[in-house]
Amino acid sequence: MKHASLLLLLGITLFSFSLCDAKYQVRVQRGKLIKHSTQKYGLRRFDRLVGAQHQHVADFRDFAYFGNITIGTPIASKSEQTFLVVLDTGSSNLWVPDNTCGVNDVNSACKHKNKYFGTDSSSYEKDGRPFSISYGTGSASGYFGKDTLCFADTTLCIKSQIFGQASSIAPFFANQEIDGILGLGFTDLAVNKAPPPFVNAVDQGLVEEPIFTVYLEHHGINKAASGGYFTYGGEDPDHCGEIITWIPLTKAAYWQFRMQGVGIDSSSENTAGWEVISDTGTSFIGGPGKVIQELARKYGATYDEFNDSYVLPCSKVKTLPSLKLKINDMDFEIDPINLVAHPDATECDLTLFDMYGGGFGPSWILGDPFIRQFCNIHDIKNKRLGLAHSKQTEDVTF
């Protein structure tokens with residue numbers, strides 16, 4: 001377990017197996033970038049999305065990516081209710097703190113969060129069913145409601161979206177920049193089978209194609225108000241190349257598929273074959289302990305027990321070999337620039353971590369390093385994941 005300055009990654013435990021230690025918690029220096037910079041993006045309201053549209057996300061030193069949403073239709077004299085959330089393909093529920101969260105607790109984790117007020121929205125509908133989501137670092141619980149959800153920078157607004165009104169959140173969230181989490185997985189993963197937002201958008205006919213594309217940038221030690229895009233309703237040719245392959249999902253809950261091999265010299269170094277997931281809500285790449293430890297050794301990284309991470313001097317990053325994966329009978333390489341994160345200017349984290357799942361569920365999580373290298377094109381209808389090369393070319397400070 002990491003120390004108190006850790007930023008975020010969330011381990012949701014919705015089935016009998018647990019990924020609670022897999023959705024990695026990472027250490028960074030805190031900053032003022034996220035909450036203020038992302039809120040500057042305009043929010044517009046229309047009934048229907050015209051074409052595929054981009055939503056900006058902020059990049060916090062390649063550890064985490066956050067975006068803005070609004071919930072509700074403001075009544076007279078009230079402002080839009082804006083929330084900063086993790087856009088998380090590794091979970092399927094939307095929740096934000098309710099105005100009742102921490103009302104009788106001066107030390108509540110909700111103290112400095114944006115809170116939702118149903119009374120301030122003319123489109124709010126009561127649901128009333130309880131919800132509870134457990135994470136590796138705690139939980140969020142409360143009750144479900146329904147309201148209009150809008151994604152920042154886009155015209156995409158989803159009516160009657162079921163979301164969690166959290167009356168209690170774990171202490172872990174107190175010092176995190178985010179207000180809540182927006183899941184982009186499938187309905188089968190959702191607590192109480194509440195339809196996830198993008199599934200609702202497809203069902204309501206709000207997008208031209210049942211596809212959303214994720215493009216994440218790398219900025220190294222720099223913080224970037226615009227650190228990538230989520231594109232709803234189609235592909236993102238401005239930032240992503242041609243689709244290399246479509247990978248059929250082995251299970252449509254997470255974005256889960258089969259990986260055949262992994263290695264440094266070649267993808268055939270380890271060929272046991274595993275179930276893996278792609279997950280925007282995980283900062284690093286997680287895998288079986290023995291495999292990860294051997295990879296870290298070959299990269300020359302040392303284990304930092306205090307921070308529970310593999311570290312190496314940032315000066316060595318440009319000389320590292322790529323990480324090679326075999327997926328869908330094709331070889332994919334993750335460049336060294338995408339295999340590190342920067343808690344400070346001199347020491348870098350190798351973005352690999354050990355997972356111990358007890359033989360249940362996915363064995364690997366391909367988190368943000370994988371998605372920075374390859375745009376992920378999520379096809380809800382056909383239950384498949386497309387990969388395309390990222391077009392980002394600018395240098396990163398080491």
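Helix α3 is followed by Gly 300, whose phi is positive, near 80 degrees. Helices here are DSSP runs of H or I with at least four residues, strands are runs of E with at least two, and both are numbered from the N terminus. The model is predicted: local features need pLDDT of at least 70, side-chain atom pairs count only at pLDDT 80 or more, and totals for chains, interfaces and linings use all residues. Residues are numbered from 1 along each chain as its sequence is written, and side-chain values use heavy atoms, with hydrogens and water left out.

Helix α3 spans residues 289–298. Its buried residues are Gly 289, Val 291, Ile 292, Leu 295 and Ala 296. Seen down the axis of α3, these residues fall within an arc of 165 degrees, so they line one face of the helix. The arc is that of the directions from the helix axis to the C-beta atoms. Lys 290 and Arg 297, on the other side of α3, are exposed. Buried means under 20% relative accessible area, exposed over 50%, and partly exposed in between (1.4 Å probe, protein chains only).

Strand β17 covers residues 285–288. Four bridges join β17 to β24 (residues 352–355), and the two run parallel. In this pair, Pro 288 stands opposite Met 355. Strand β17 also pairs with β25 (residues 364–366), here antiparallel and through two bridges. Ile 285 stands opposite Leu 366 in β25. Two strands count as paired if DSSP finds at least two bridges between them.

Strand β20 (residues 323–327) is mostly covered, with four of its five residues buried. It is joined to β15 (residues 255–263) by four bridges, in antiparallel fashion. Strand β20 also pairs with β21 (residues 330–334) in the antiparallel sense, over five bridges. Lys 326 of β20 stands opposite Gly 261. Lys 326 also stands opposite Asp 331 in β21. Strands β20 and β21 form a hairpin with two residues between them. In the turn, Asn 328 has a positive phi of about 55 degrees.

An open sheet of six strands has the order β1-β12-β10-β26-β27-β13, with antiparallel pairing. Its edge strands are β1 (53–56) and β13 (240–248), each pairing on one side only. Neighbouring strands of this sheet are turned by 20 degrees against each other on average, direction ignored. Axes are lines fitted to C-alpha atoms, for helices over the stretch in contact, and angles run from 0 to 180 degrees between N-to-C directions. Strand β13 runs antiparallel to β27 (residues 384–390), joined by six bridges. Thr 245 stands opposite Leu 387 in β27.
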